[in-house]
Amino acid sequence: MMLRKILPAFALLIFFVSSGFLPVAAQVDFPIGYVSRGGTYAFITLIEQHKLLEQEDIKPTFVYIGGPQISQALISGDIRMAIVAAASPIRAAAHGADLRFVAGVTDKEVASFVTAANIKTPADLKGTRLAIDRLGDYSDFRARKVLEIFGLQAQKDVTLLQIGAQTARFAALRSGQVQSTFVVPPLTLVARKAGLRELADLGELGFPSSSGALVVMQSTIERQAREIYGVLRAVAKAIRIYKTDKEQGIGAIAQFMRLNDREALEETWRMNANVLKDNPSPPVAGIRVVRDFLAQTDPEVKKMNLESFITTQFTDRLQREGVK
């Protein structure tokens, strides 16, 4: 009697195997928001192309959400994870949101400090003008910190001028209105072709960054730890492909940025491959730099116990187990 019940089920299994119709495990919804279309985030395309989230039984849903709205989407539950620079999550956490930084794809800036051709050393910057976006914003803060690394003082040795967005700052440099500014790839390539000097690569300078930090709610850590770890495994695998297979990396950048200039693509790949981390641990130094900047004007940020909003439990495990 028992044998009669087993045989039909066994026959059905044989049918599925021979037909190539094995049941597929249900994929868990885990929508992920991201805040930038820059080259640092192009690993997202590799995750999609190689179906790395599907391998973790996670439904691949990436949503572009610009600006501080991404933290609002995370808090409201519209997304489960945000890939974002630290400013918006830090502000939200300081004002009561139970957010946690769980990972980060880089902890160094992907940008260059570009100057007029006649400026050959940091000392030559004395008495010159540096273009920033606005006084009091992060571009102002970064300029002051980099000048400090150079042994110079903002507004004493080098005048900071409010110019606006990157394209306007670059135009001001080319016209001679200012003598230096910061640019990101592929504009770094355009700068060199225009005869301007790359005085410093901020990645090589070691200037900390929080771009590409991975942030979740504490409640998600408690309820969906498996999915968080699965996403981080997928991110680590994608970064390994990005760094070790140049053509795949360039192809991902081309698709993600909608860019088809080969030189510009190579420039973007090179600068990002130099700073992307094999193990995407939280960018603690970059988070701290942003916190220090925000604390200048927000007393709630100044009171933060930053360490309580950072957890390495997932990337520590990733380090132990490795990427397979």
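Q: Which residues of helix 11 meet helix 12?
A: Lys246, Glu247, Gly249, Ile250, Ile253, Ala254 and Met257 in helix 11 meet Arg262, Leu265, Glu266, Thr268 and Trp269 in helix 12. Contact here means heavy atoms within 4.5 Å. Helices (H or I, at least four residues) and strands (E, at least two) are DSSP runs, numbered from the N terminus.

Q: How do the residues of that contact divide?
A: The contact of helix 11 with helix 12 is made by six nonpolar, two polar and four charged residues. Ala, Val, Leu, Ile, Met, Phe, Trp, Tyr, Cys and Pro count as nonpolar; Asp, Glu, Lys and Arg count as charged; the others, Gly among them, count as polar.

Q: Before going on, what kind of model is this?
A: It is a predicted model, in which local features need pLDDT of at least 70 and side-chain atom pairs count only at pLDDT 80 or more, while totals for chains, interfaces and linings use all residues. Residues are numbered from 1 along each chain as its sequence is written, and side-chain values use heavy atoms, with hydrogens and water left out.

Q: Back to the two helices: at what angle do the axes of helix 11 and helix 12 cross?
A: The axes of helix 11 (residues 246–257) and helix 12 (residues 262–273) cross at roughly 110° and come within 9 Å. That makes helix 11 roughly perpendicular to helix 12. Axes are lines fitted to C-alpha atoms, for helices over the stretch in contact, and angles run from 0 to 180 degrees between N-to-C directions. Angles under 35 degrees count as roughly parallel, over 145 as roughly antiparallel, 65 to 115 as roughly perpendicular and the rest as oblique.

Q: Which residues of helix 12 are buried?
A: Ala264, Leu265, Glu267, Thr268, Trp269, Met271, Asn272 and Ala273 are buried in helix 12. Buried means under 20% relative accessible area, exposed over 50%, and partly exposed in between (1.4 Å probe, protein chains only).

Q: And what do the buried residues of helix 12 pack against?
A: Their partners are strand 7, helix 7, strand 11 (197–201), helix 10 and helix 11.

Q: What about helix 10: how many of its residues are buried?
A: Helix 10 is mostly covered, with 15 of its 20 residues buried. Its end C-alpha atoms are 29 Å apart, which agrees with the 28 Å that the 20 residues (225–244) should span at 1.5 Å a residue. The expected span is 1.5 Å times one less than the number of residues.

Q: Changing topic: in what order do the five strands of the open sheet lie?
A: The order is 4-2-5-12-6, with mixed pairing. Two strands pair if DSSP finds at least two bridges between them. Strand 4 (62–64) and strand 6 (99–104) are the edge strands, each pairing on one side only. On average, neighbouring strands of this sheet are turned by 25° against each other, direction ignored.

Q: How many bridges join strand 2 to strand 4?
A: Three bridges join strand 2 (residues 32–34) to strand 4, and the two run parallel. Tyr34 stands opposite Tyr64 in strand 4.

Q: In which sense do strand 6 and strand 12 pair?
A: Strand 6 and strand 12 (residues 213–217) pair in the antiparallel sense over five bridges, and Gly104 stands opposite Ala213 in strand 12. Strand 6 is mostly covered, six of its six residues being buried.

Q: Last one: how many helices and strands does the protein chain have?
A: The chain comes to 15 helices and 12 strands. Of its 324 residues, 51% count as buried, and the C-alpha trace spans about 95 × 45 × 30 Å along its principal axes.
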